[in-house]
Amino acid sequence: VDRYLLIASTLCFLAAVVHTVIELRTGVFRPMRFNFFAIGLGFIFQTAFLSIRGHELGRCPITNLFEVFVFIAWSVALIYMLVGPAYRLSLMGAFTAPLVFLLQSFALVAPIDTRHPAKVPANSWLEFHASISLVAYGAFGLACIAGVMYLLQERQLKTHHLHSIFYHLPPLTNLFAAITRLLWWGFALYTVGIVSGFFTGHPLPRVQVVAAIALWLLYAAILQARHLKWLAPKRVAALCIIGFSAALALLWGITFTAELHPVP
Amino acid sequence: MNLFCIGLSHHTANVAALEQFAGNATAGSIVSQAGCTEALLLTTCNRVEVYAVADKRISTDEIARCLMPKANRNPHNYAPPFYRYEDNKCVQHLFRVASGLDSMVVGESEIFGQAKKAYESARTSGAVGPYLHRLFQRAFRVAKQVRTHTEIARGAVSVGSIAVELAQRIFGNLSECKVLVLGAGETSERTARALVSRGVTDLRVSNRSLDRACELAQAVGGRSVPFEDWATLCREIDILLTSTASETPLLTPDILAPMLHERLDRPLFIIDIAVPRDVDPGVNELEGVYLYDIDSIRSVAEQSLALRRQQVAAAEAIIADHVAQFVDSISRGLSRISQTTEHSSLGENPLRASEL
């Protein structure tokens, strides 16, 4: 049943993607509420899926790569639902839906839903560490989306080629303010996630710790450079995309090593 | 009952011909002189049109004669440029006109206000009865729907509106923006006024002639600055609007680049409407600088118009639906009125009858 819920959720996000593509192909992008409602419905199905999985496992459902991808997709949708209305409603959704759709499609298609033979005992610190880190990933994911929007808007303004979508994108300065806020939120949550990792009571693999700290340093460097005005907004936007790609790669590595050497 | 529209527009007549027929008649005078039961006169800089309802057919020449100055009513002078639409075609034409589809700049919204004004004027003079009342109310509804459901009015097409649109795409709220106007030409003044109308409060004017700078600054609610100081102001301003008569570029990447380090996180929007250009095109390559010269402004205007033209089919579809519905409701209303008037005195209040 839970997989059907996830499929239903993925179809909702697909509907938002198709809607956006159709509008873009006809040269029109109109700020309609369709995307917001499609994402909202997808989010409800995601939540139901995670809830059922959580009950089944008796713990936070982030025990394998499949669940981790769904949890990230859920975090991105959650943060969109929280901050989306602060942007142009449907447009942020137009960019959020493809990311969530890709994450969930990959989770559904790839053979990564490997169940543990026995119930893994719950460790509240470990669960807190993992879940708060994944919510931080959601914030970084949305910063990445805002970065894509910024670069798109910036390019159109530089080249003087204005597509229909240009008129629906938020102003450059507002987008940059949103990127900065999302980076700070993500960074704060990620810091809490990393610190809580040291309280799990189990030694974590050194590779994971080093990679997680490297990612923390990357975002700290972006924020510091932004604060000291060393980097132009365009570079910060590009770094948000690079940072989130690195975060996903790191997550893959962490989950892969965790499956090889599960924490007792 | 004959509903018709007779007129001439930028499609069929030049300005001289339009001038010949504009301002000589009113809706009331057309009713009385041509023998219509209802009439409405729509006059703009691009069209002179009469919408009328009559019990019998009224010739185009007759209406054209009413539009001519009394001293010069020779029918052979004016017949050719006039067009005539009747019944469904008339309804469709009005819906297209009100929606801006028939305008010189497709999608412009000024025509909507002009049509409303014409309707109000005719209604006040008593020239509008139940049919034109319903027709125009429907036309206003259609025009609103077309604007809401298509992108027909999207994008700016004049220098001032393009400057404002782009500035808002970059900065959002313009009330915090600092603007420097370099050169005090007519287009600069119009553009500066457009920016002020969208919330700009910090506006400075610099010109080789300080008197002219003061004059423009006073006119647009800004303050003048000496011409020697304009370059250093690039450290703090957000928008530079330039239109001097300089033969060589005043602003080059070499001059601007060092200043950008001090304002790295703030974009600089430059509108260069001077010919020859005041700003070296290389400036657009600098990080965070968005340079628009006359060519790029023209290109933006063309893209806006192309975007609007793409929407014409969608707008026409909305209009076609409304024409069919309107014609259907009118014919049903007419048959109901004719049945009712046999038994009551509803015909004494035609406006109420039309609302039925």
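This is a predicted model: local features need pLDDT of at least 70, side-chain atom pairs count only at pLDDT 80 or more; totals for chains, interfaces and linings use all residues.
View 1. Side-chain values use heavy atoms, with hydrogens and water left out, residues are numbered from 1 along each chain as its sequence is written, and chains are lettered from A and ligands numbered from 1 in the order in which they are written. B:Arg84 belongs to strand E4 of chain B, where helices (H or I, at least four residues) and strands (E, at least two) are DSSP runs numbered from the N terminus. A polar contact of 2.6 Å also joins the side chain of B:Arg84 to that of B:Glu86. When neighbours within four places in sequence are left aside, the residues in contact with B:Arg84 (heavy atoms within 4.5 Å) are B:Asn2, B:Phe4, B:Cys5, B:Ile6, B:Arg57, B:Ile58, B:Ser59 and B:Thr60.

**View 2. The salt bridge between B:Arg57 and B:Glu86.** The closest N and O atoms of B:Arg57 and B:Glu86 are 2.5 Å apart, and a salt bridge is defined here as a side-chain nitrogen of Lys or Arg within 4 Å of a carboxyl oxygen of Asp or Glu. The pair links distant parts of the chain, with B:Arg57 in the loop between E3 and H3 and B:Glu86 in strand E4 (residues 83-86), 29 residues apart. B:Arg57 is exposed because its relative accessible area is 56%, whereas B:Glu86, at 26%, counts as partly exposed; exposed stands for over 50% relative accessible area, buried for under 20% and partly exposed for values in between (1.4 Å probe, protein chains only).

**View 3. The salt bridge between B:Asp238 and B:Arg266.** The side chains of these two residues meet at 3.5 Å, N to O. B:Asp238 lies in the loop between helix H10 (230-233) and strand E8 (239-242) and B:Arg266 in the loop between H11 and E9, so the pair ties together parts of chain B that are 28 residues apart in sequence. B:Asp238 counts as buried at 8% relative accessibility, while B:Arg266, at 32%, counts as partly exposed.

**View 4. Helix H2 of chain B and its buried residues.** In H2 (residues 27-34) the buried residues are B:Ala27, B:Ser29, B:Ile30 and B:Ala34. They lie on the same side of the helix because they cover an arc of only 160° around the axis, the arc being that of the directions from the helix axis to the C-beta atoms. Their cover includes strand E2 (38-43), strand E3 (47-54), helix H3 (60-67) and helix H5 (110-124) of chain B. H2 is followed by B:Gly35, whose phi is positive, near 80°.

**View 5. The interface between chain B and chain A.** In this interface, 33 residues of chain B are in contact with 33 residues of chain A. The buried area is about 2500 Å², of which carbon and sulfur atoms give 50%, and this area is the accessible area (1.4 Å probe) that two parts lose on being put together, summed over both. Across the interface there are 14 residue pairs in polar contact, both residues being at pLDDT 80 or more. On chain B, helix H6 (130-149), helix H7 (159-171), strand E10 (289-293) and helix H12 (294-310) each supply at least two residues of the side that touches chain A, and H12 gives the largest share, seven residues.

**View 6. Salt bridges between chain B and chain A.** The count between the two chains is three salt bridges, including that of B:Glu287 with A:Arg235 at 2.9 Å, N to O. In another, the closest N and O atoms of A:Lys229 and B:Asp265 are 3.9 Å apart. This pair crosses from the loop between helix H7 (206-227) and helix H8 (233-260) of chain A to the loop between helix H11 (253-260) and strand E9 (268-272) of chain B. A:Lys229 counts as partly exposed, at 43% relative accessibility.

How values were computed
A polar contact is a pair of N or O atoms within 3.5 Å; within protein, one must be able to donate a hydrogen and the other to accept it, and residues adjacent in sequence count only if both atoms are side-chain atoms.
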